[in-house]
Amino acid sequence: MEQTLSIIKPDGVGRALIGEVIKRFEANDIKIVAMKMVHMSKQQAEGFYAVHRERPFFNSLTDFMCSGPAVVMVLEGENVIARNRDLMGATNYEEAAAGTIRKDFATSIERNIVHGSDAPETAAFEIGYFFNAFEIMS
Ligand code: ATP
Ligand code: MG
């Protein structure tokens, strides 16, 4: 059984897509084992996306991530890191497969509705960034 961190980004929350995203997880046998709403500070967003700090889009991305509330969740299931990435679709929504969250709802490469961890190591770091052990249902 694997865990991954999912974020419904401020564009998804602002456009009332929380239910839509969660519905897709539950319909695909992905279990939510922790969930809360957070309004990140600029510093928290920078820490979360620290791997991207040298990228040209870093400042804009971290401004966006702290522009409003986001929903952070720990998802659990078999192979859930890859399965969540499949449900999300490609980073650039124009290249995302039909029926994916990003293809259906993203409005730019930056404002792409959801985040999902991309590997077991990043999942462990990202889950620990937002949740302690008592907040994750076992
Ligand atoms: P995430 O980490 O949010 O799940 P991802 O793994 O698909 O997305 P990354 O390469 O990790 O993509 O980029 C992190 C986020 O930075 C993207 O989801 C997007 O919001 C933003 N981003 C990525 N590339 C660009 C770009 N070229 N221009 C603007 N924003 C970008
Ligand atoms: Mg990423």
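This is a short tour of a predicted model, from the whole chain to its ligand. Residues are numbered from 1 along each chain as its sequence is written, and chains are lettered from A and ligands numbered from 1 in the order in which they are written. Local features need pLDDT of at least 70, side-chain atom pairs count only at pLDDT 80 or more, totals for chains, interfaces and linings use all residues, and side-chain values use heavy atoms, with hydrogens and water left out.

**Whole chain.** Show the chain as a cartoon. The C-alpha atoms fill a box of roughly 35 × 35 × 25 Å along the principal axes.

**Ligand shell.** Select ligand 1 and the residues with a heavy atom within 4 Å of it. There are 14, and the closest are Tyr49, His52, Thr91, Glu110 and His115. Next colour α5 (80-88) and β4 (114-116); each supplies at least two residues of this shell.

**Polar contacts.** Now look for pairs of N or O atoms within 3.5 Å. At the side chain of His52, an N or O atom is 2.8 Å from an oxygen atom of ligand 1. For the side chain of Arg102, the corresponding distance to a ligand 1 oxygen is 3.0 Å. At Glu110, select the backbone: an N or O atom there lies 2.8 Å from an oxygen atom of ligand 1. Finally, show the surface: the protein covers 82% of the 580 Å² of accessible area that ligand 1 has on its own (Shrake-Rupley method, 1.4 Å probe).

Note on methods:
A polar contact is a pair of N or O atoms within 3.5 Å; within protein, one must be able to donate a hydrogen and the other to accept it, and residues adjacent in sequence count only if both atoms are side-chain atoms. Helices (H or I, at least four residues) and strands (E, at least two) are DSSP runs, numbered from the N terminus.
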